[in-house]
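Let's take a walk through this protein together. Have the sequence and the 3D view at hand, and follow along one part at a time.

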Amino acid sequence: MDYIAGYTSPIGEILLASDGENLIGLWFENQKYFKNTLSSDYEEKELPIFEKVFSWLDRYFNGEKPETDFPIKPRGSAFRQRVWKRLTQVPYGETITYGEIAKEMTGGLKSAQAVGGAVGHNPISIIIPCHRVVGATGNLTGYAGGIDKKVYLLNLESE
């Protein structure tokens, strides 16, 4: 059984998901791949993990750099897990390219497009900061939540 809770952010409604102990999902409402890793058996419930994430999001949207003090457990393939883990290492306010991640993680064996697929399917937006990944020339390429949200998050982090 999975559990869900809603959060209202300055850039739209967010749905959180948990397995009861870990954060397993954080999606902007109606984003691409919305709820894609959520089991079909879920219910809305107040949980301590959600309170911690709400507090983290409040601090983040107020321009702070909050430490993640709760467990995350995104669901996905081994390759996607590795990409998502790498995303958590991109410093606040900085960016990295899809190609840099591909070269660093696989020695070029996987393409930037393969990395892009993993980034695009990130089930824990913002906390696993996929918005910090940009195209080869620094251009703001796809973001499952919408480019407008990516721009907002990057601007928030640059202030």
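A salt bridge here is a side-chain nitrogen of Lys or Arg within 4 Å of a carboxyl oxygen of Asp or Glu. Before we use that, a word on the source: this is a predicted model, in which local features need pLDDT of at least 70 and side-chain atom pairs count only at pLDDT 80 or more, while totals for chains, interfaces and linings use all residues. Residues are numbered from 1 along each chain as its sequence is written, and side-chain values use heavy atoms, with hydrogens and water left out.

The structure holds 3 salt bridges. One of them joins the side chains of Glu104 and Arg86, at 2.3 Å from N to O. Glu104 sits in helix α3 (residues 98–106) and Arg86 in helix α2, so this pair ties together parts that are 18 residues apart in sequence. Helices (H or I, at least four residues) and strands (E, at least two) are DSSP runs, numbered from the N terminus. Glu104 is partly exposed at 48% relative accessibility, whereas Arg86 is buried at 14%; buried means under 20% relative accessible area, exposed over 50%, and partly exposed in between (1.4 Å probe, protein chains only).

Another salt bridge links Asp2 and Arg75, at 2.8 Å from N to O. Asp2 belongs to strand β1 and Arg75 to the loop between α1 and α2 (78–87), so the pair ties together parts that are 73 residues apart in sequence.

Strand β1 leads us to the sheet. Its 4 strands form an open sheet in the order β3-β2-β1-β4, with mixed pairing. β3 (23–28) and β4 (42–44) stand at the edges with a single partner strand each, so one side of each has no neighbour in the sheet. Two strands count as paired if DSSP finds at least two bridges between them; β2 (residues 12–18) and β3 pair in the antiparallel sense over 5 bridges.

Now turn to helix α5 (residues 147–158). Its buried residues are Lys149, Lys150, Leu153, Leu154, Leu156 and Glu157.
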